[in-house]
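I hope they are handy to have beside you as you look through it.

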Amino acid sequence: MDGVVQLQRQLLDYTALLFQEGFLNDQFTQLQQLQDETNPDFVVEVVSLFFEDSERLLNELANTLDQQSIDFRKVDSHVHQLKGSSSSIGAQRVQNVCIAFRNFCDAQNTEGCLKCLQQVKNEYSLVKNKLETLFKLEQQILAAGGSIPM
Amino acid sequence: MGFGKATSSSKAMKIIETEKKISVLIVEDDPLIQKIHKVMMTKFGTEVQVVANGKEAVDLYHSGASFDLILMDFEMPIMDGFEATKELRSMGVTSMIVGVTSRSQDSEIQAFMKSGLNACYVKPLNAEKVTTVLNELKNN
């Protein structure tokens, strides 16, 4: 049982750190609170949708910004969608970069947009990694017969 | 000859009102947001249906369906939230319609409100916003 308690402690500490470092915000907590016996995998399912959406949008952004003549309205539309889905799961740092990104779209600033694209890719990659680690910890706790602490 | 005491059935009878679930129509094209809002509203004890654009919402009402509350996204393909709300109001729909938008500028929200919304919130919905909406619905 000691092992489970240690894992639970690890999960709580890791989650707290993600909030402290600004990777996640209260919206993520809202999602966790929606998970119950009727929706036992809700958070994983929602976050998986976020991963799919984001990867598609990041590819589309790269393609759109690679064109000779950049369609900034199209870029803005993709960033707007990415901002929406990141804010829905509480991925604060991704959301923040999207806000800056949209300002560069408004100004039709190619260099600014390209920099933001790189930044948003980095932030997405970081939060994806951290969420996958969090879910692995949860799986370890459940496999050891424990329950997920809230 | 005695008669039983006459009782007025309407006075004596206790009218038992069964608590009917609030019905909610979520009008939203993004599957991620659809999922979150559906689970959230269900958790609050409402009966939820989801459609993917404004036209589907209007078609539902044309077919005779009605909901206590409509959560209307702004940006959607085929028919957006502004057009759908205008259309529903012109049909005489008096359901509570609450806009839910990613647009956060005051001017954008005011513009959306002009379509006939009762209220408008910036996404994402959270427990606090849902509570406010449902309390307002119950008070009206």
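1. Let me begin with the contact between the two chains. Chain A and chain B bury about 1,600 Å² between them, and 63% of that area is on carbon and sulfur atoms. Chain A brings 22 residues to the contact, while chain B brings 16 residues. Please keep in mind throughout that this is a predicted model.

2. Next, the polar side of that contact. Two salt bridges are counted between chain A and chain B. In one of the salt bridges, the side chain of A:Glu45 meets that of B:Lys35, at 2.8 Å from N to O. The number of residue pairs in polar contact between chain A and chain B is four, with both residues at pLDDT 80 or more.

3. Which helices of chain A each supply at least two residues of the side that touches chain B? They are α2 (26–34), α3 (42–65) and α4 (72–89). The largest share comes from α4(A), with seven residues of the side of chain A that touches chain B. By residue type, that side of chain A divides into 10 polar, seven nonpolar and five charged residues.

4. Now for chain B taken by itself. Chain B has six helices and five strands, and along the sequence they follow the pattern α-β-α-β-α-β-α-β-α-β-α. Of the 140 residues in chain B, 44% are buried. Among the contacts in chain B with a separation of 6 or more, 63% are between residues 24 or more positions apart. The accessible surface of chain B is about 8,000 Å², and carbon and sulfur atoms account for 51% of it.

5. Is A:Gln32 buried or exposed? A:Gln32 counts as buried because its relative accessible area is 15%, and the cut-off for buried is under 20%. Leaving aside residues up to four places away in sequence, A:Gln32 touches A:Val43 and A:Met150.

6. The other residue is A:Thr38, in the loop between α2 and α3 of chain A. A:Thr38 has a relative accessible area of 62%, so this residue counts as exposed. The side chain of A:Thr38 is joined to that of A:Asp36 by a polar contact of 2.5 Å.

7. On to salt bridges in general. Side chains of opposite charge can pair when their charged atoms come close. Over all chains, a search of the whole structure finds 15 salt bridges. One to look at is between A:Asp13 and A:Arg9, where the closest N and O atoms are 3.3 Å apart. Both A:Asp13 and A:Arg9 lie in helix α1 (residues 2–20) of chain A, four residues apart, which is about one turn of the helix. A:Asp13 is partly exposed at a relative accessible area of 43%, and A:Arg9 is partly exposed at 49%.

8. A salt bridge that reaches across the sequence joins A:Glu55 and A:Lys128, with 3.6 Å between the closest N and O atoms. This pair links distant parts of the chain, since A:Glu55 is in helix α3 of chain A and A:Lys128 is in helix α6 (residues 110–143) of chain A, 73 residues apart. A:Glu55 is partly exposed, with a relative accessible area of 35%. A:Lys128 counts as partly exposed too, at 23% relative accessibility.

9. My last pair is A:Asp76 and A:Arg102, whose side chains meet in a salt bridge of 2.9 Å, N to O.

10. A:Asp53, A:Arg56 and A:Glu60 are joined into one network by salt bridges that share partners.

Conventions
Residues numbered from 1 in each chain as written. Chains lettered and ligands numbered in written order. Predicted model: local features only at pLDDT ≥ 70, side-chain atom pairs only at ≥ 80, totals over all residues. Heavy atoms only, no water. Contact = heavy atoms within 4.5 Å. Buried area = accessible area lost by both parts, 1.4 Å probe. Salt bridge = Lys/Arg side-chain N within 4 Å of Asp/Glu carboxyl O. Polar contact = N/O pair within 3.5 Å; in protein donor to acceptor, adjacent residues only side chain to side chain. Nonpolar A, V, L, I, M, F, W, Y, C, P; charged D, E, K, R; others polar. Buried < 20%, exposed > 50% of the residue type's maximum accessible area, 1.4 Å probe, protein only. Areas by Shrake-Rupley, 256 points an atom, 1.4 Å probe, with all protein chains shown as cover.
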